[in-house]
Amino acid sequence: MIKPLSTFVRFLLVLILFAALFSYAMFQGGFVSWFLFFGFLPIIVYSIAMIFYPMNLMSVERSVSRKLLEAGQTVMVELRINRRIPFPILFLVIEDRLPDSINWHDTRQRKYKFLRSPHMLKNREANKTVLFPLFRSKIVYTYEIDAVPRGRHILNEIKVVTGDFLGLVKKEKVFNVHTDLVAQPRELPLKIKNEISFFEEGEQTAYSLQANKTNVVSGIREYAPGDNVSWIDWKATAKKQKLFTKEFEQEKHKDLSIIFNMVKGREEDWLAFEASIEIALSLANQSMKDHGKAFVVGLGNRRKSITLSSRRQNDQLIRFLSEIKLVNEGTFSSMLLKEGRSLSKDQNLIVITHQLDRHIAKACHQLNNQDIKMSVVFIRSKYLLSASERQYIDQLSHGGIFVTWLNEDQLFGNQIEVNA
């Protein structure tokens, strides 16, 4: 009802202007009066024609340079407007309305400089331009979306506005053009320390995931061509007058379970959550590379998980992490405790969280007491770390849990060290 009423009011204003100019020319008379009337007559006729110009005869299309990209990359967008009637249009305002999911700049690792104040990354300008098509039936507008953040972004609405010379008539229409963009998370450069691996004779702490264990002897056997000379057991060789070599216990690695927090606590948690997604991806890829298995779980108002058993499933992991979002509802500590109790003892657990309170610390202690080898990766700005959070970090460390606190300095570094 409002739109037809607005059109009628604008039409009435144009008629009043026309009547005023005609009355002035009739009563005043003379060359100047009639010159003004006939000079403004084309403008008034154009305004009347613009009122009845059908915007529905326009069609709008959107195309993008790529629909699948990595977070932080740039995508080119092209808008094409086709007009069936070559009606002269003085100006055309085109606005491609971007979704809220794409309203900040992902500057790769540089974004973590703003872990304290992530709102400073939300400075994306509207993609709006003014074109002067006149009689052109095909109009093309190209722009770029730089530093696309992680996630699935649905571009839908394109707003087109035009009008007359005097601004009395304004015509606008919103076109729904559906376009999907998927920005995959990036992998961070991680250095993993203190991995727990185990043998039949007990556990041992390694500095690196790829450390080669050859110091636990399980027995001896006859020497075979190709065996390392340093493995020869000289005592058994001298006793039995044959070459014997040592056999070493085969190193075993526990499967890795990665649990990350999806519950939003503070307003600025969203950037720390982006870091947790990238760390989860890096840890899972490292585990699959070295051991062949990983289990990734997101806990929020609902449980979301994926099981990985080979490097070939990397695409599935990336798609899974691309669409994960923060949620406003859910209790991470209770879901963590429930999830941890369902894990078998042949799994190591890494908890990645942007929150650390009394309930989460208590849940970690309870899981650690159940002989589940676990570590915690806590992401918080060094300027926002509270005294209670520092206390919980110390309590977890003293309880035998590996704790890694990541802030601006670590996340922006060339290599991120994680105790796991």
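How many bridges join strand 7 to strand 8, and do they run parallel or antiparallel? Hold that thought while I say what we are looking at.

This is a predicted model, where local features need pLDDT of at least 70, side-chain atom pairs count only at pLDDT 80 or more, and totals for chains, interfaces and linings use all residues. Residues are numbered from 1 along each chain as its sequence is written, and side-chain values use heavy atoms, with hydrogens and water left out.

Back to the strands. Strand 7 and strand 8 are antiparallel and joined by 12 bridges. Helices (H or I, at least four residues) and strands (E, at least two) are DSSP runs, numbered from the N terminus, and two strands pair if DSSP finds at least two bridges between them. Six residues separate strand 7 from strand 8 in a hairpin, and Gly 167 in its turn has a positive phi of about 80°. Gly 163 stands opposite Lys 170 in strand 8.

Strand 2 runs parallel to strand 8, with three bridges, and Leu 68 stands opposite Val 182. Strand 4 (residues 92–96) and strand 7 (residues 151–163) are antiparallel, with four bridges; there, Ile 94 stands opposite Val 160.

On to the helices. The axes of helix 4 and helix 5 come within 11 Å and cross at roughly 165°; axes are lines fitted to C-alpha atoms, for helices over the stretch in contact, and angles run from 0 to 180 degrees between N-to-C directions. The two helices are therefore roughly antiparallel, a label for angles over 145 degrees. Contact here means heavy atoms within 4.5 Å, and among the residues making it are Leu 281 and Met 288 of helix 4 and Leu 317 and Leu 321 of helix 5.

Finally, the inside. A nonpolar core is a set of buried Ala, Val, Leu, Ile, Met, Phe, Trp, Tyr and Cys residues joined through side-chain atoms within 4.5 Å, buried being under 20% relative accessible area (1.4 Å probe, protein chains only). The largest one has 41 residues, and those touching the most other members include Phe 260, Ile 279 and Ile 379. Helix 4 (residues 269–290) gives the largest share, 12 residues. A second, separate core of 37 residues includes Leu 69 and Val 177.

Note on methods:
Buried means under 20% relative accessible area, exposed over 50%, partly exposed in between (1.4 Å probe, protein chains only). Angles under 35 degrees count as roughly parallel, over 145 as roughly antiparallel, 65 to 115 as roughly perpendicular and the rest as oblique.
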